[in-house]
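I opened this notebook to record what I looked up in the structure, one topic to an entry.

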Amino acid sequence: RRVLFRSIPRALVVWNMPNDWRPRLEELGCIALHCRHKRLTASKVAPVVEAGYAFRCFVVDRRERAETLYGWGVDSVFSDFPDRILAK
């Protein structure tokens, strides 16, 4: 694959966590993986984080789920309702 603008930080965006996440991130020169949160588990997040990549999830609209994801090492979440995530 040809990658343009190598100086711009990139993330691989996927709907479901691929088994071949590492070679895909390396091939594209990515610094992060962005993944839909619904089928994620701590055991899927951990290897990515341990390898030094940022892990971000979409679309998280419940505070409890965001807290769980953060506990697994997810760096940030994308939300349609950030007020729900931030409210205490």
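This is a predicted model: local features need pLDDT of at least 70, side-chain atom pairs count only at pLDDT 80 or more; totals for chains, interfaces and linings use all residues.

**Entry 1: salt bridges**

I counted 2 salt bridges. I looked up D20 and R24 and found that their side chains meet in a salt bridge, with 3.5 Å from N to O.

I then looked up R63, which forms a salt bridge with E67; the closest N and O atoms are 3.1 Å apart. R63 and E67 are 4 residues apart in helix α3 (residues 63–72), so about one helical turn separates them. E67, at 43% relative accessibility, counts as partly exposed.

**Entry 2: R65**

I next turned to R65, which has its place in helix α3. Leaving aside neighbours within four places in sequence, I listed the contacts of R65 as H37, K38, L40, V60 and W72.

**Entry 3: the buried side of α3**

Which residues of α3 are buried? I recorded R65, A66 and L69. Seen down the axis of α3, the buried residues fall within an arc of 100°, so they line one face of the helix. I looked up what these buried residues pack against and found β3 (54–58), β4 (76–77) and α4 (82–86). Just after α3, I noted that G73 takes a positive phi of about 110°.

**Entry 4: the buried side of α1**

I repeated the search for helix α1 (residues 21–28), where W21, L25 and L28 are buried. Viewed down the axis of α1, its buried residues fall within an arc of 80°, so they line one face of the helix. The cover over the buried residues of α1 includes β1, β2 (32–36) and α2 (42–50). Just after α1, G29 takes a positive phi of about 70°.

**Entry 5: D75**

Where does D75 lie? I placed D75 in the loop between α3 and β4. At 45% relative accessibility, D75 counts as partly exposed. Not counting residues up to four places away in sequence, D75 touches Y53, A54, F55, R56 and Y70. I also looked up the separation of D75 and L25: these residues are 50 residues apart in sequence and 17 Å apart in space, C-alpha to C-alpha.

**Entry 6: a nonpolar surface patch**

Which residues make the nonpolar surface patch of about 340 Å²? I identified L4, F5 and I8. F5 lies in the segment before β1 (11–14). I found 63% relative accessibility for F5, so F5 counts as exposed; the cut-off for exposed is over 50%.

Key: Residues are numbered from 1 along each chain as its sequence is written. Side-chain values use heavy atoms; hydrogens and water are left out. Patches are made of residues with over 30% relative accessible area and no salt bridge: like charges are joined within 9 Å, nonpolar side chains (Val, Leu, Ile, Met, Phe, Trp, Tyr) within 5 Å. Accessible areas come from the Shrake-Rupley method with a 1.4 Å probe; for residues, only the protein chains shown count as cover. A salt bridge is a side-chain nitrogen of Lys or Arg within 4 Å of a carboxyl oxygen of Asp or Glu. Helices (H or I, at least four residues) and strands (E, at least two) are DSSP runs, numbered from the N terminus. Buried means under 20% relative accessible area, exposed over 50%, partly exposed in between (1.4 Å probe, protein chains only). Contact means heavy atoms within 4.5 Å. The arc is that of the directions from the helix axis to the C-beta atoms.
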